[in-house]
Each structure stands twice: as C-alpha cells, then as structure tokens.
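Dear colleague,

Please find below the structure that I am handing over to you. A short account of what was found in it comes after.

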Amino acid sequence: MSLQDDLTAVRRNLNDLIRSVERLEQDVARQAPAAPRAPDTSRMVSIPDTPYDNALWTDTDDEGLGARDRRAP
C-alpha cells in the first residue's frame with residue numbers, strides 16, 4: 001500500500017468512527033431522561049468522623065482470617 005492509500009483508509013475509518021459516535025450520542029439522548037434526577041437524600045446515612053468504640057470489635061473474627069483463637073488451615 002502506498003502512503004496515499006493509507007491516508008485514504010485512515011480518513012475512511014475516521015469518518016466511520018465519527019458516524020458511530022453520532023449514532024451513539026443519538027441513542028443515548030433518546031434513552032436518557034429529560035432531566036437528571038436528584039439523589040434520594042432520605043436513604044442517605046451520615047457516618048461520623050469520630051473513632052468507633054473498641055468494645056464494638058470484641059469477640060469478632062477478622063474477615064478472611066478466621067477466628068482469633070484458631071489457626072488457619
């Protein structure tokens with residue numbers, strides 16, 4: 001292939017890409033709701049920045065490691 005053939009192929013591929021992106025944008029515009037929805041704040045839970053009480057973690061297992069008083073297999 002010559003340089004001219006390569007440039008022609010690149011232009012054709014670029015035009016195909018542009019058409020594909022335009023079709024994708026049109027599809028998204030058809031499927032998207034008219035206005036973006038605001039998040040449902042009634043389901044949000046605030047988590048305090050203060051440290052948790054260490055008593056909450058007594059008698060708990062380390063996830064993936066098993067119980068503290070037993071050895072892993």
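The notes that follow cover the basis of the model, the overall fold, the salt bridges and a surface patch.

This is a predicted model, in which local features need pLDDT of at least 70 and side-chain atom pairs count only at pLDDT 80 or more, whereas totals for chains, interfaces and linings use all residues. Residues are numbered from 1 along each chain as its sequence is written, and side-chain values use heavy atoms, with hydrogens and water left out.

The protein chain contains 1 helix and 0 strands; helices (H or I, at least four residues) and strands (E, at least two) are DSSP runs, numbered from the N terminus. Of its 73 residues, 3% count as buried, where buried means under 20% relative accessible area, exposed over 50%, and partly exposed in between (1.4 Å probe, protein chains only). The accessible surface of the chain is about 7,600 Å², and 55% of that belongs to carbon and sulfur atoms. Accessible areas come from the Shrake-Rupley method with a 1.4 Å probe, and for residues only the protein chains shown count as cover.

The structure holds 2 salt bridges, each defined as a side-chain nitrogen of Lys or Arg within 4 Å of a carboxyl oxygen of Asp or Glu. One joins the side chains of Asp16 and Arg19 at 2.3 Å, N to O. Both of these residues lie in helix α1, 3 residues apart, about one turn of the helix. Asp16 is partly exposed at 33%, and Arg19 is partly exposed at 44%.

The side chains of Asp27 and Arg30 also meet in a salt bridge, at 2.2 Å, N to O. Because Asp27 and Arg30 are 3 residues apart in helix α1, about one helical turn separates them. Asp27 is partly exposed at 33%, whereas Arg30 is exposed at 62%.

Finally, Val45, Ile47, Tyr52, Leu56 and Trp57 make a nonpolar surface patch of about 610 Å². Patches are made of residues with over 30% relative accessible area and no salt bridge, with like charges joined within 9 Å and nonpolar side chains (Val, Leu, Ile, Met, Phe, Trp, Tyr) within 5 Å. Trp57 lies in the segment after α1 (3–31) and is partly exposed, at 46% relative accessibility.

With kind regards
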